[in-house]
Amino acid sequence: MASSLLLSNIPVFSHQRSNGDTLFFRHNPSFAHLKSIKSFEFARPTRKNPVISVKSLQSCRKILAGTSVGETEEKGSVSDEFLVGEDSAAFDIGKQKLSSWVYFTGILGTVLFALDVVWIDSSTGLGVGKAFIDAVASLSDSHEVVMLILIFIFAVVHSGMASFRDLGEKLIGERAYRVLFAGISLPLAVSTVVYFINHRYDGIQLWQLQSVPGVHQLVWISSFISFFFLYPSTFNLLEVAAVDKPKMHLWETGIMRITRHPQMVGQTMWCLAHTLWIGNSVAVAASIGLIGHHLFGVWNGDRRLASRYGEAFEIVKSRTSVIPFGAIIDGRQKLTKDYYKEFIRLPYIAITALTLGAYWAHPLMQAASFRLHW
């Protein structure tokens, strides 16, 4: 296939790396609808296929940039650069299958029912979650230490299974590994969250700023914004539930232009906001554990993407940054005037609704946690 492409009339695109090397890509129009690196193959320029510079691709980028809600492909050009990664949060309602979302609803209901029976509800005779919390709590009388242990257990399992994803998918398949991953990670996450809610006001009070004017508004706004960074996985819920075959994506647009690791940034914002509001040693311990886990995720995530995508990831890495707005400030990332269109998309609208819903549901979440006595 590669040799036949080299002889074709498909144009070749170039990318100049920081070390002076030039990478050449050939775009295959038959894969244009995928909007991913799978649409490209490494190639060399020939007489029939002269190299086209990135700056001259104004018309080609229209087939690569995604569309916002209600826009056509031609009107949805929102990228200044030639994308080698995927257009994040692109969602075409017309291409959705009702049967897929019926399956998603059924799977979500089944998972929540199983989580309640096996892990949460002690009246069923199982209630493994209570036994798990009691076992961890028996290791120390300090709520701070128990909080850190719970986060450490979750981090080891979550990051460990993510690291072995390639091997696991080869052994049992993408869907089966996603189910296994969620089946182990979700109960541990629920236990950690419930323990934090129940013990967030224990420990040593270090400061008290809740009555200071403006603090509540600052915490609310910071927490609200953090969720736009925290959940890039909502770009494809059907993959999260394994209805669609799960993939390791190389996102490049939207929130990724601001930071290549939005979950780390979002978690840090959430932790700092809640630590400021609560102001005690348990909140500090939880923040240290969660931020530490996500900082490790920065290294581990880059390592996994580099292993999976190679040179394509290096290109995305070269024009994005870990520090928010870093690549924009130093000129490696160019934003167009209509950059906002990359956020006027259904997944981001869903995040807004769910974040507001979670805020208003705080009393219900707290009441449910208290009843578990974890």
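**Reading the surface, helices and cores of a predicted model**

Modeller: In this predicted model, the accessible surface of the protein comes to about 19700 Å², of which 67% belongs to carbon and sulfur atoms.

Biologist: What share of the residues counts as buried?

Modeller: Of the 374 residues, 44% count as buried, and within the contacts that have a separation of 6 or more, 72% are between residues 24 or more positions apart.

Biologist: Which residues does the UniProt annotation "transmembrane region" cover?

Modeller: That annotation, which comes from an unreviewed entry, covers residues 101-120, 145-164, 176-197, 217-238 and 343-362. Taking two of these stretches in the model, residues 101-120 are 100% helix, with the end C-alpha atoms 26 Å apart, while residues 176-197 are likewise 100% helix, with their end C-alpha atoms 32 Å apart. The protein as a whole has 14 helices and four strands.

Biologist: How should I read a nonpolar core, and which residues of the largest one touch the most other members?

Modeller: The general idea is that in soluble globular proteins nonpolar side chains tend to be buried together. Here the largest nonpolar core has 25 residues, and F132, I133, M147, L150 and Y195 touch the most other members. Several helices each supply at least two residues of this core, among them α2 (98-120), α3 (128-137) and α6 (174-199), but α4 gives the most, with five residues.

Biologist: With which residues is Y195 in contact, leaving aside its neighbours within four places in sequence?

Modeller: Y195 is then in contact with I133, H143, V146, M147, L150 and W374. There is also a second, separate core of 15 residues, which includes A89, F227, V265 and Y348.

Definitions and conventions
Residues numbered from 1 in each chain as written. Predicted model: local features only at pLDDT ≥ 70, side-chain atom pairs only at ≥ 80, totals over all residues. Heavy atoms only, no water. UniProt positions renumbered as here; feature names shortened; annotations may be inferred. Core = buried A, V, L, I, M, F, W, Y, C linked by side-chain atoms within 4.5 Å. Buried < 20%, exposed > 50% of the residue type's maximum accessible area, 1.4 Å probe, protein only. Contact = heavy atoms within 4.5 Å. Areas by Shrake-Rupley, 256 points an atom, 1.4 Å probe, with all protein chains shown as cover.
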